[in-house]
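Visitor: Could you walk me through this protein chain? I'm new to this, so please keep it simple.

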Amino acid sequence: MGVAQPAAAGEHDRQPVVGMVGGGQLARMTAQAAIGLGIEFRVLADTAADSAAQVCARTQVGDYRAAEDVLAFGAGCDVVTFDHEHVPAEHLTALEDLTAVRPGGRALQFTQDKRAMRDRLSAVRRIRELGVRCPRYVPVSSTRDVVGFAAAGGGGWPVVLKATSGGYDGRGVWICAAERAAADVISHGIDLIAEEYVRFDRELAVLVARSPKGQGAAYPVVQTVQQDGICREVIAPAPRLDPALAMRAQRLGLAIAAELGVTGLLAVELFAVGDELIINELAMRPHNCGHWTIDAARTSQFEQHLRAVLDLPLGTPAATSAAAVMVNVLGGDDPGLHSRLVHVMAADPGVKVHLYGKAVRPGRKVGHVTVAGENVAELRDRAWRAASYLSYGTEEPPGAEGAAGSEGVFGAEGARGAEGAVRAEEVAGAQAAAGTRAGGGGTGR
């Protein structure tokens, strides 16, 4: 038996270098996770004022759409990963000749092209065996196509039109209540698919991680609450979710990650209709549905993503409390977030606040709050009060926002059937008919 020789000085002590393309809040929170792992973390940001650029010393300012900027950035990294899906495919191909790209271009194509994603997932036998499907869909290029889909395979109006590329947080998604609204969207001349309008009971999300060696880990399935196409609230785990359905969702996430060759995190957004699961969207990066893991899981999604892309052993995804509620903080008319932070801290010391250093604009995600504990209804109330005060200077959110306006969440104020869930969506459909973008299709950041 040979005797192991000591490593040469410095052979094993070099910090791995991970570069993330994109300088938003996902990169900012990933940078924080990199510190504890001893990873040198670099960011390719649009400007020095970007969220991640403010906290990451190794920031390169450049354009992710410019091949020379992407390649120059990647040349100094052991691994390149992403906080958005928008890097052009040809740049990804060239980058893979320089360094490890995780997830790679072959996987990312299914987040960049919704039609390709629907085609691929619809063909996977393992997904069908789990009793999961995609919404009915067809590519469309004319109003006649949309009308034909509504009449034949889409189940009537409303019809959902989605841009095949470029959408997130509801952008690029239109819920069209009638032919006139569809004609308006078609007039923009973009590549579109038409999808059936799913009358769901609630929206779920499953977050999984997969390493290059094939190790996988699945977080508890969560429920998401959407408003105007933006994820406003995440409840972990999803209240009163049948354990068998939760297991199916986790198996689905791991199956998709394996089928598509994902390395890193994969978020799968789902519609739940009774005991049926319907795939809505995919994201191959840290995701809004996993922000709660920073404060209420053994391994945060940001640390897990770094472990996965570096092919390190994955951490346990187990929760550290019975429940957690995350509410996104949106910008209001008054940009003074920090002036209101003192009140939130004093009013409820158990609330964890995360601010992203972003310029405040009405409706823009500028942070999130998380509350962990036992009673879901109480946690929701506390989280909404804190988020609302940060946004608007009042613990009572304007309009129908907040826990009181989300009575359809299971396990809090009680279950609501599909009829109640549709009512809110019909409002979005009416907005789309008037030419306003309506949400429900973009992956959350």
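This is a predicted model: local features need pLDDT of at least 70, side-chain atom pairs count only at pLDDT 80 or more; totals for chains, interfaces and linings use all residues.

Guide: Residues are numbered from 1 along each chain as its sequence is written, and side-chain values use heavy atoms, with hydrogens and water left out.

Visitor: How many salt bridges are there?

Guide: To count, a side-chain nitrogen of Lys or Arg has to sit within 4 Å of a carboxyl oxygen of Asp or Glu. Go through the model with that rule and the count is 24 salt bridges.

Visitor: Which strands hold E40 and R58?

Guide: Helices (H or I, at least four residues) and strands (E, at least two) are DSSP runs, numbered from the N terminus. E40 and R58 meet through their side chains in a salt bridge, 2.9 Å from N to O. The pair ties together parts 18 residues apart in sequence, because E40 lies in strand β2 (residues 40–45) and R58 in strand β3 (residues 58–61).

Visitor: Is R58 buried, exposed or partly exposed, and what is its relative accessible area?

Guide: Buried means under 20% relative accessible area, exposed means over 50%, and partly exposed is in between (1.4 Å probe, protein chains only). R58 is partly exposed, with a relative accessible area of 42%.

Visitor: How many residues apart are R285 and E85?

Guide: Their side chains form a salt bridge at 2.6 Å, N to O. R285 is in the loop between β16 (276–283) and α10 (293–296), while E85 is in the loop between β4 (79–82) and α3 (89–96), so this pair links distant parts of the chain, 200 residues apart.

Visitor: Which helix holds D119 and R115?

Guide: D119 forms a salt bridge with R115, the closest N and O atoms being 3.9 Å apart. They are separated by about one helical turn, because they are 4 residues apart in helix α5 (residues 114–122).

Visitor: How many disulfides are there?

Guide: A disulfide needs a pair of cysteine sulfur atoms within 2.5 Å. C77 counts as buried at 6% relative accessibility, and C176 is buried at 1%. By the sulfur rule, the count is 0 disulfides.
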